[in-house]
Amino acid sequence: MKTIRLFLIASFAMTGSYIIAQTTATIKGTVTDSKGAPMLFTTVALMDDSIVVTAVNTDDNGDYAFKQVTPGIYTLQFSFVGYNTKKVQKVDADPEQIAYVNVSMQESSTTLKEAVVTATFEKTIINPTFST
């Protein structure tokens, strides 16, 4: 009797963890430039409407992943300095399959204006008789 009770408890525990594991989704992909080279450290934002839910940076291979995402429809926003920001809408985060979203980024034709930094330096004279 004790063995049956232990078996039932273990069965419920495993079933519960399986159900929890199936209630989240994964979104992953790769970000490349227009020549096909991986883009390192590109910011990828997971957005619900216009609100950022979470964000990650791509790794050394240009890969990113969002794990344990609540199922739903999202927008992915990709941004990197010197490149046009790109949005991919209607990404379906389905717990039954991984959503793969690969993106190619285009260089921005907008150039930044130069910034001029001016600084002054004042030499401080220290009296050696009063310093320690």
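The model is predicted: local features need pLDDT of at least 70, side-chain atom pairs count only at pLDDT 80 or more, and totals for chains, interfaces and linings use all residues. Residues are numbered from 1 along each chain as its sequence is written, and side-chain values use heavy atoms, with hydrogens and water left out. The chain holds 1 helix and 8 strands. Helices (H or I, at least four residues) and strands (E, at least two) are DSSP runs, numbered from the N terminus.

**Overall make-up**

- Read from the N terminus, the order of elements is α-β-β-β-β-β-β-β-β.
- The chain has 132 residues, and 20% of them count as buried. Buried means under 20% relative accessible area, exposed means over 50%, and partly exposed lies in between (1.4 Å probe, protein chains only).
- Among contacts in the chain with a separation of 6 or more, 51% join residues 24 or more positions apart. A contact means heavy atoms within 4.5 Å.

**The four-stranded sheet**

- An open sheet is formed by 4 strands in the order β3-β2-β5-β6, with antiparallel pairing. Two strands pair if DSSP finds at least two bridges between them.
- At the edges of this sheet are β3 (51–57) and β6, each of which pairs on one side only.
- On average, neighbouring strands of the sheet are turned by 25° against each other, direction ignored. For such angles, axes are lines fitted to C-alpha atoms (for helices over the stretch in contact), and the angles run from 0 to 180 degrees between N-to-C directions.
- Strand β2 (residues 43–48) pairs with β5 in the antiparallel sense over 5 bridges. Here A45 stands opposite Q77, and L46 stands opposite L76.
- β2 also pairs with β3, again antiparallel, over 6 bridges. On this side A45 stands opposite A55.
- In general, strands of a sheet pair through backbone hydrogen bonds, either parallel or antiparallel.

**Surface**

- Accessible areas come from the Shrake-Rupley method with a 1.4 Å probe; for residues, only the protein chains shown count as cover.
- L40, F41 and F80 make a nonpolar surface patch of about 270 Å². Patches are made of residues with over 30% relative accessible area and no salt bridge; like charges are joined within 9 Å, and nonpolar side chains (Val, Leu, Ile, Met, Phe, Trp, Tyr) within 5 Å. A salt bridge is a side-chain nitrogen of Lys or Arg within 4 Å of a carboxyl oxygen of Asp or Glu.
- F80 lies in the loop between β5 (72–79) and β6 (86–93). With a relative accessible area of 30%, F80 is partly exposed.

**Residues with positive phi**

- D49 is not a glycine, yet its phi is positive, near 60°. D49 lies in the loop between β2 and β3, and the hairpin of these strands has 2 residues between them. D49 is exposed, at a relative accessible area of 68%.
- Q68, also not a glycine, has a positive phi of about 55°. Q68 is in strand β4 and counts as exposed at 66% relative accessibility.

**D63**

- D63 belongs to strand β4 (residues 63–69) and is partly exposed, with a relative accessible area of 29%.
- Leaving aside residues up to four places away in sequence, D63 touches G29, T30, N57 and T58.
- From D63 to F41 the C-alpha to C-alpha distance is 9.3 Å, while the two are 22 residues apart in sequence.
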